[in-house]
Amino acid sequence: MSVFLISLKSAPGGEGVLYEVMELQHLDVCTAGFVSAYEEEPWTIDRAREYLTDLFNTPRSIGFCAFENDLFVGAIICREIVGSKYNRLSIEEFFVIPIARRKGYGNALMEIVRRHVCNNGLGAITLMTERDNPAVSFYEKGGFAHVEHMAFLADQNI
Ligand SMILES: CC(C)(COP(=O)(O)OP(=O)(O)OC[C@H]1O[C@@H](n2cnc3c(N)ncnc32)[C@H](O)[C@@H]1OP(=O)(O)O)[C@@H](O)C(=O)NCCC(=O)NCCS
């Protein structure tokens with residue numbers, strides 16, 4: 001198990017708080033946490049596991065999990081995308097379970113990702129989410145900005 005013991009200025013720290021690089025053994029707790037984080041959406045455990053397993057198995061993916069006294073509280077899963085000049089990190093999934101929100105775990109996981117980006121010479125961190133997702137405030141407060149020149153399209157014939 002790779003235990004990622006860190007001291008972060010923004011992290012809820014102290015006894016019992018752990019941040020680990022995501023591994024196969026985390027998939028069960030991560031799946032249960034994911035379903036509870038998106039309880040308003042109709043995710044089943046099976047579909048959530050399938051989705052997270054695919055993310056986990058994506059080439060160049062990297063994930064980090066947070067634990068508080070052995071309770072899984074959240075995860076961030078990213079994948080590195082090769083670009084013409086530099087590689088960037090795309091945040092593919094990010095959640096904290098409802099009872100652990102607004103305690104700083106989101107910021108802590110993001111800081112781990114930023115550290116990963118710096119340590120690996122990556123050029124940017126990007127993500128896509130729904131415009132009205134309350135998480136947009138989280139990102140804006142953390143220094144993310146909307147990219148005006150990008151367009152997100154879906155085929156209306158399907
Ligand atoms: C987005 C998310 C991961 C943030 O996790 P978190 O642990 O609550 O984040 P933090 O405690 O580190 O929050 C840091 C700051 O972000 C802002 N913030 C966080 N959640 C917010 C919300 N729902 N609305 C407005 N601001 C928010 C606050 O300013 C907060 O600081 P404060 O609590 O001192 O005011 C969590 O809300 C979540 O899991 N949401 C559901 C899943 C989701 O939408 N994920 C993003 C997919 S792209």
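Visitor: Leaving aside neighbours within four places in sequence, which residues is Glu-68 in contact with?

Guide: Two residues are in contact if their C-beta atoms, placed from the backbone, lie within 7 Å. By that rule, Glu-68 touches Gly-16, Val-17, Val-73 and Ala-100. Please note that this is a predicted model, in which local features need pLDDT of at least 70, side-chain atom pairs count only at pLDDT 80 or more, and totals for chains, interfaces and linings use all residues. Residues are numbered from 1 along each chain as its sequence is written.

Visitor: How far apart are Glu-68 and Gly-16 in sequence and in space?

Guide: They are separated by 52 residues in sequence, while their C-alpha atoms are 5.5 Å apart.

Visitor: Why is Glu-68 called partly exposed?

Guide: A residue is buried with 20 or more other C-beta atoms within 10 Å of its own, exposed with 12 or fewer, and partly exposed in between. Glu-68 has 19 and is therefore partly exposed.

Visitor: How are two packed helices described?

Guide: One gives the angle between their axes and the distance between the axes. Here, helix α1 (residues 27-37) and helix α2 (residues 45-57) pack at about 120 degrees, with axes 9 Å apart. The angle therefore makes α1 oblique to α2; angles under 35 degrees count as roughly parallel, over 145 as roughly antiparallel, 65 to 115 as roughly perpendicular and the rest as oblique.

Visitor: Which residues of α1 and α2 meet?

Guide: Among them, Leu-27, Cys-30 and Phe-34 in α1 meet residues of α2 including Ile-45, Ala-48 and Leu-52.

Methods
Axes fitted to C-alpha atoms, helices over the stretch in contact; angles between N-to-C directions. Helix = DSSP H or I, 4+ residues; strand = E, 2+ residues; numbered from the N terminus.
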